Amino acid sequence: MPKAHRRKQITYYQRQRRGKEQETAPLRHALVIAVAGAGGKSTYIRQQAERQAREGKRVAVTTTTHIYNPCVQYGIRESWSRDETEPVAVIRGVAYFGRPQGMGGQSGESGRSRLPEGKKPDALEPCVTSETVRRDTLVRSGKPEKAQQDTLMRRGVLEGMQQSWKLGPVSQDAFRQICSRYDVVYVEADGSRSMPAKIPLDGEPVLPPGTDEVVIVMGRHAVGRPPRAVCQHYDADRFEAAARSAGGDTASDRYTAADNTASDRRTAAGSRASDRSTASDSIKAAGGVTAPKNQEQQTPLTEAQLRHLAEACYIRPLRIRYPWIRSTYYLSDMYRLGEKEHVTDVTFILMASGFGRRYSGSENKLLADFHGRPLYLHALEHLAKSAQQLRSYQVHVRTGVVTRYPEIMQQTADMQDPDITYLENHMAEEGITSSIRIGTRKAIADHAQLAVFFAADMPYLDAGQITRFVCDCICSGKPYGCMAVRDETERTVTTTVPGAFRLDKGQAADRLLALHGDRGAMRLIRQRPWDTYYFYTEPSSIRDIDQKKDSR
C-alpha cells in the first residue's frame, strides 16, 4: 500500500496522540494532574499532595491561573530566588512553584489568567494582564503599616493588592523541568472566586502540556442554595440544559435528619434552613418581611444537578477535545471536614448604635416604622429564630444588642429572653468599631468560639440564611467568614456583613479589639482572603435600609 494512502487511514485519535507524544517528548513521564472546577480545589490539591508526599513520592504544586502564595498562608519566609525552576516554598514535603505576583509576574484583570489570542487552552504560557498595584511609594514615605493600609483602603485599592499574595504560572520551559524532577505534579487550572459551583467560559480550564488527568471539583455546600447565587458565570440556558440531563433527584441526593454524625446534622440543618428561607410563610412566622423579588424564584441545587453540571460543562467537552486525558468528578465535602470543628457556643452581636444620618432628618432610622414595627426589631427576631434552629443542633447561641438608644435597651429587656441582652455603647460617636469591641468582649466573656456581627438595618436577611451561614462557617474551619455577592456583569465580588470570626483561631479576638475608627471588621477579611469563607447569596437578602425611600 502506498505510503500516502496509509497516512489517510490514521484516525483522529491517533493524530492527537502523536501530537501529544511529540509535545511531551522532552518530559520525564511524571503524572500531571490538573484540578479544575469550583470550591474545594485548593483543599483537594493540598490533601492529595501531602498524602502522596508521606508515601515517599516527590510532589510538586503549581498553577496555570493563580493560587495563594503558601508563604503568605503559612507565615513563612519566602525562598524564591527569581528562578522559576526553584520552589517558592516546601511545606510538609510538597514543593510549590509559581511566579509571585508583583515581582515580575502578571496578574489577571479579574483574578483570572487570560490566554493570548490564538493560543490553545492547553498551552501553559505566561499571561499578559494588567499591572499589579504596588505600595512602594507608601513604604518609602515612612508611614507605619496601619497608616499605609488606611491610605490604601481610602483609595480603594487594597483588593487589587491581593494579587501580590498569589502565585502566577511559570513559563513552559520551567514547567517541563519541574515535571522532569518530580513524580507527581498537581496543577490548579481554574479559578472560581471561592464559589462552590461554576460554568466555565471559553478557554477554561487552562490545561498544562502533558496533562494525564483532569479532576473536576464541585462544592457540596452549594446544595440547597439557589444556583444563581452560588454558581460562577451562571447562565440560565446552559444550567437548564445540564439540569435536564440529570433526570431528577434520587433518594441518595436528599438530606435526611436521621444522619448521626455532627457534620451530617449540620448539613441537614443548613439544607432545611435554606429551603425554609425560600418560603415567605416561614419568614412571616419568624416575624420578618419578605425581600423584594426582582428575579425569578429558583429551585435549590441538588447533588445530582452538581454532578451533571460538571459532566455537561466540563467532562464531556474535555473528553471530546482531549480523548487521551482521563476526566473524573470529585464532590468536595466541606461538612465532612467540619467533624473536626467542635464549636458549641456562638455569640450573635446586633450592632444598633448607628446615627442613620442619611435616613431622614432627625428621625431615628432604627426605631422608624418598617412594615408595622421598628426596623431593628426585624433583624433581632431573625437572630432569635436562627438561635432556636441552631440550638436544636447542639449549638448554643447568645445574642447581644449593642446600642446607644434607651428605647432599644428597654424593648430588648422586655423580651425577657435570658440569651438576649443589651450592651450600652457610650462611644457611638467613634463609629462602628466601638460596637465591634463591645461585642467582642461579650463573646469572650461568654466563652464563645465564634462571634458573628450583624447590622440592625438589614431586615431581609432571614433566619434560614443566617443558620446556613453559621453552619457553613463552622464547617469550613476558617478563622473568618462573610457574606458575598457576585456581579456577573462587572465580574466583581462585594463582601459585606454579617461577618463571622473564630475567636479561638488566627488571633481574631486581638485583631477585633484593636480596631478603631468608622470602618468595620471587613478590613480584616480583605487583608486575609485565604483565611475567609465566602457565603455567596443574592443582593436582595443583604439589602440594607439606608434612606427612607429604601423602606418602600
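**Cores, sheet and cysteines of the predicted model**

Val470 touches Phe348, Leu390, Leu450 and Val452, where residues up to four places away in sequence are not counted and contact means heavy atoms within 4.5 Å. The structure is a predicted model, in which local features need pLDDT of at least 70 and side-chain atom pairs count only at pLDDT 80 or more, while totals for chains, interfaces and linings use all residues. Residues are numbered from 1 along each chain as its sequence is written, and side-chain values use heavy atoms, with hydrogens and water left out.

Val470 belongs, with Phe348, Val452, Phe501 and Leu512, to the residues that have the most contacts inside the largest nonpolar core, a set of 69 residues. A nonpolar core is here a set of buried Ala, Val, Leu, Ile, Met, Phe, Trp, Tyr and Cys residues joined through side-chain atoms within 4.5 Å; buried means under 20% relative accessible area, exposed over 50%, and partly exposed in between, with a 1.4 Å probe and protein chains only. Apart from this core lies another, of 30 residues, among them Ala36, Ala189, Ile216 and Tyr314.

Strands (E, at least two residues) and helices (H or I, at least four) are DSSP runs numbered from the N terminus, and two strands pair if DSSP finds at least two bridges between them. Strand 10 (residues 213-219) and strand 12 run parallel and are joined by 7 bridges, with Val215 standing opposite Thr328 of strand 12.

Helix 3 (residues 41-54) has 14 residues and reaches 20 Å from its first C-alpha to its last, close to the 20 Å expected at 1.5 Å a residue, the expected span being 1.5 Å times one less than the number of residues. Its buried residues are Lys41, Tyr44, Ile45, Gln48, Ala49, Glu50, Gln52 and Ala53. Helix 3 is followed by Gly56, whose phi is positive, near 95°.

The structure holds 0 disulfides, a disulfide being a pair of cysteine sulfur atoms within 2.5 Å. The sulfur of Cys313 is 7.7 Å from the closest cysteine sulfur, that of Cys231, which is too far for a bond; Cys313 counts as buried, at 9% relative accessibility. Cys482 is likewise in no disulfide, the nearest cysteine sulfur, in Cys473, being 8.1 Å away, and Cys482 is buried, with a relative accessible area of 0%.
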